[in-house]
Amino acid sequence: MEQAVEKEKVSLLSKINIRAILPFIGLIVVFIIFNILTGGKMISQIKLILSQVYMVMISSMGVFFIMTMGGLDFSQGSILGMSSIVICALSNVAPMPVALIGGILAGAAVGAFNGFFYVNRKVKSFIVTICTMFLLRGIIKYITADGPVNGLSMVKYNSDAVKLISTIVILAVGFIFFRFTRFGMDLKAIGAGEKAAKFSGVKTNRLKFLIYVLSGAITGYAAFINVIKSGSATYNSGNQLETQILIALVLGGMPISGGAKARFECIIIGSLLYFVLENGLAMMGMEIQTRQLIKGVIFLAFVALFADRKSLKVIK
């Protein structure tokens with residue numbers, strides 16, 4: 001009897017380990033395949049891929065925390081667009097640090113708005129954030145109706161060193177808190193079962209609210225990366241960012257239901273995999289519709305693979 005139990009445990013651990021390393025294997029395999037299909041051009045595009053991935057990778061961290069506790073956020077693109085407008089506007093009348101702080105605070109304010117309705121008004125996370133997405137997108141288009149909001153003074157900060165170092169620092173801080181402090185354990189506990197987490201002493205409502213504020217603030221910083229790259233904020237700033245984040249996290253192995261199986265590495269692997277896939281398909285000359293179809297099929301395959309059907313429940 002004991003031997004059977006031990007064999008079952010070993011088998012379960014093997015499945016978990018295979019599932020954990022599968023996204024990393026997928027990243028390597030996809031990169032090699034596209035490098036072969038494009039005649040070695042993929043290697044020469046590494047710098048381009050990295051320049052695209054910073055903004056999504058930073059924004060993904062906040063959404064990762066939200067998904068870990070079982071929620072969703074579809075407003076990230078609109079938060080980035082609104083924060084980009086604030087940064088550009090402030091950059092014309094104040095130094096860069098003030099503009100940066102303003103963008104972060106703008107993102108945090110929208111996150112607080114989402115968190116209030118999610119926690120205090122008990123509205124499902126995906127409903128609240130979809131409403132916020134449309135609301136902010138309308139405001140953004142109204143503000144930029146006469147043209148982009150100029151932020152050309154910020155372009156001088158556009159360097160690989162600034163983007164790389166800031167991304168590494170933000171991800172490193174997030175990793176340390178998630179892996180080695182109670183913060184990460186409490187998020188996983190809420191994702192696994194909010195009632196049980198509450199009985200174990202986790203202040204679930206306060207933590208859920210703060211996570212939405214934190215996520216908005218992180219995306220506010222990602223808006224800084226967007227502004228120094230483009231030098232302005234337009235009506236489509238951040239458009240489709242929420243879709244890119246969701247696909248990237250799922251490709252990285254993020255379980256839709258959150259909980260204990262959430263791994264921080266999925267932020268990095270998933271973001272890289274998404275842009276390797278996007279650039280590889282584009283380099284092969286495929287039309288946008290075909291690329292969307294292929295990404296949709298791959299997305300569904302990863303959802304089916306990483307969804308925990310035993311604990312899967314309605315998104316909070």
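**Close-up views of a predicted model**

**View 1. Helix 11 at the largest cavity.** Helix 11 contributes 3 residues to the lining of the largest cavity, which is the most from any element. The model shown here is predicted. The space inside the largest cavity amounts to about 50 Å³. Its lining consists of Val63, Met67, Leu72, Asp73, Phe74, Glu242, Ile245 and Leu246. By class, the lining of the largest cavity holds 6 nonpolar residues and 2 charged ones, with no polar residue. The count of cavities of 30 Å³ or more comes to 2.

**View 2. The largest pocket and its lining.** The largest pocket holds about 600 Å³ of space. It is lined by 25 residues, and those closest to the pocket centre are Asn239, Gln240, Leu241, Gln244 and Tyr274. Two or more lining residues come from each of helix 3 (46-68), helix 10 (204-230), helix 11 (241-251), helix 12 (265-283) and helix 13 (288-306). Helix 13 has the largest share of this lining, with 5 residues. Sorted by class, the lining of the largest pocket has 12 polar, 9 nonpolar and 4 charged residues.

**View 3. A nonpolar patch on the surface.** The patch is formed by Ile21, Leu22, Phe24, Ile25, Ile28, Val29, Ile32, Ile33, Ile36, Leu37, Met284 and Leu305. Together these residues have about 1000 Å² of accessible area. Helix 1 (residues 2-37) supplies 10 residues, the largest share of the nonpolar patch.

**View 4. Isoleucine 32 in helix 1.** Isoleucine 32 belongs to helix 1 and is one of the residues of the nonpolar patch. Is isoleucine 32 buried or partly exposed? Isoleucine 32 counts as partly exposed because its relative accessibility is 44%, a value between the limits of 20% for buried and 50% for exposed.

**View 5. Cysteine 88 in helix 4.** Cysteine 88 is located in helix 4 (residues 76-91). The residue has 0% relative accessibility and therefore counts as buried, the limit for that class being under 20%. How many residues apart in sequence are cysteine 88 and valine 149? The separation is 61 residues, while the C-alpha to C-alpha distance between cysteine 88 and valine 149 is 6.3 Å.

Technical notes:
Residues numbered from 1 in each chain as written. Predicted model: local features only at pLDDT ≥ 70, side-chain atom pairs only at ≥ 80, totals over all residues. Heavy atoms only, no water. Patch = residues over 30% accessible without salt bridge, like charges linked within 9 Å, V, L, I, M, F, W, Y side chains within 5 Å. Areas by Shrake-Rupley, 256 points an atom, 1.4 Å probe, with all protein chains shown as cover. Salt bridge = Lys/Arg side-chain N within 4 Å of Asp/Glu carboxyl O. Helix = DSSP H or I, 4+ residues; strand = E, 2+ residues; numbered from the N terminus. Buried < 20%, exposed > 50% of the residue type's maximum accessible area, 1.4 Å probe, protein only. 1 Å grid on protein atoms, 1.4 Å probe; cavity = no way out; pocket = protein on both sides within 12 Å on 5 of 7 lines; lining within 4 Å. Points joined across faces, edges and corners; volume = space filled by probe spheres on them. Nonpolar A, V, L, I, M, F, W, Y, C, P; charged D, E, K, R; others polar.
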